[in-house]
Amino acid sequence: MTDYFVLAISCIFVNNILLAQFLGNCPFLGTSKKMETATGMSMAVVFVLVLAGLITWVTNNFLLKPLNIEYLRTLSFILVIASLVQFVEMFLKKSIPALYAGLGIFLPLITTNCAVMGACLINIKEDYTFVQAAVASFSYAVGFGLALVLFAGLRERINIARVPQPLQDTSLGLVTAGMIALSFYAFKGMV
Amino acid sequence: MAQSIAKEFTKGLWAELPPFRLVLGLCPVLAVTQSVENGIGMGLATTFVLICSNFLVSLLRTVIPAKVRIACYIVIIATFVTIVELLMQAFTYELFLKLGIFIPLIVVNCIVLGRAEAFAGKNPPHLAIADGLGMGVGFTLSLGALGAVRESLGAGTILGNPVFGPDFQPFTFMVQAPGAFVCLGLMLCMMNLIGKK
């Protein structure tokens, strides 16, 4: 049990997927201008990343490994993720329209979110068991959401301030992200 | 015709320089630029995928139905990424290990899919190749430049050769995660300053 707890902490803080592994930076900068879009994106990522992490784990261990075609991993993972996203979108639209209204526009964007694909590849690379992969996927997604929401909050404030012109927008956004990364860096000694 | 090829090529070098102007494909930009070598290796791998996928997408643009085009593009891109992965594993194994999961992640690099969707899907093959080459070279140069800044300040070397003499205290912040964000942000600021004049 403690092992899983340590794994979760390490995935959320120490190896934060956005700030330490540099995965999913496009949506990080793209959807962080408003708090609303940031929370929407985070929830969509939590939802899809957990499912994708589990399904790609199964694909890898029960399909690619026995058939000895692991060189097709990249191709098969992206197909699995793309069809999963499509499926989730259709499912939500039919059965839970309220949730779909909230997540709707973010779902298609997730296919090309490298946080999802990256986390799946890390799960395989670290040789996690099924349960470990589940815990790690969920924690990575929580870490993504935490960093994104923190960042969006800061950015909303900065937008009110007067900033020198060349630094505006993305430029200052990146420097701010650096500062947040620095604070997450402090967790490095923990695990 | 030669003129329009040149135009598509050069726009990737400054006017639409991928990581800075379009702010796309930031993950590899931040993650692999601890050194010049890694940056350029990653840039070349991406360039190869960009040119090949742009060419094929453009050739097939009349065949692919509009509704499933994104899925088709992704399959085309993933095929070339797999080729690059296997080639690098065979010929540049050390670099392959250093770049790690960022090679398979070229699949989800927004630049590649972005160019397929925004340019190659609507233009003839020769222009698509010029566009892919321009974007790729621009991307490689940006990665190289960022790598040079970070490696020289963070480790005191460029391509492994010391540049500041023996008394230099490496500014390790630059090669670590937070330094990547700050460094890219400041470079973007400088680009904006120069671009305005």
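This is a predicted model: local features need pLDDT of at least 70, side-chain atom pairs count only at pLDDT 80 or more; totals for chains, interfaces and linings use all residues.
## Around A:Met117

Setting aside neighbours within four places in sequence, A:Met117 is in contact with A:Phe77, A:Ile78 and A:Ile81 from its own chain, and with B:Leu105, B:Val107 and B:Val108 from the partner chain.

## The nonpolar core

A:Met117 also turns up in the largest nonpolar core, which has 114 residues. Along with A:Met117, the residues with the most contacts inside that core are A:Leu49, A:Val116, B:Val49 and B:Ile77. Helix α8 of chain A (residues 130-160) puts in the largest share of this core, with 11 residues.

## Where the chains meet

Chain A brings 33 residues to the contact, and chain B brings 33 residues too. On the side of chain A that touches chain B, α2 (25-30), α4 (73-95), α7 (114-125) and α9 (170-185) each supply at least two residues. Of the elements on that side, α9(A) gives the most, with 10 residues.

What classes of residue make up the side of chain A that touches chain B? It has 23 nonpolar and nine polar residues, plus one charged residue.

## Chain B as a whole

Chain B is built from nine helices and two strands, and along the sequence they run α-α-α-α-α-α-α-α-β-β-α. Its radius of gyration is 18 Å, close to the 16 Å that the globule rule gives for 197 residues, so chain B is as compact as a globular protein of that length.

Along its principal axes, the C-alpha trace of chain B spans about 60 × 45 × 30 Å. Of its 197 residues, 48% count as buried. Take the contacts in chain B with a separation of 6 or more, and 74% of them are between residues 24 or more positions apart.

Definitions and conventions: Residues are numbered from 1 along each chain as its sequence is written. Chains are lettered from A and ligands numbered from 1 in the order in which they are written. A nonpolar core is a set of buried Ala, Val, Leu, Ile, Met, Phe, Trp, Tyr and Cys residues joined through C-beta atoms within 7 Å. A residue is buried if 20 or more other C-beta atoms lie within 10 Å of its own, exposed if 12 or fewer, and partly exposed in between; C-beta atoms are placed from the backbone. Helices (H or I, at least four residues) and strands (E, at least two) are DSSP runs, numbered from the N terminus. Two residues are in contact if their C-beta atoms, placed from the backbone, lie within 7 Å. Ala, Val, Leu, Ile, Met, Phe, Trp, Tyr, Cys and Pro count as nonpolar, Asp, Glu, Lys and Arg as charged, and the others, Gly among them, as polar. The radius of gyration is taken over C-alpha atoms; the globule rule is 2.2 Å times the number of residues to the power 0.38.
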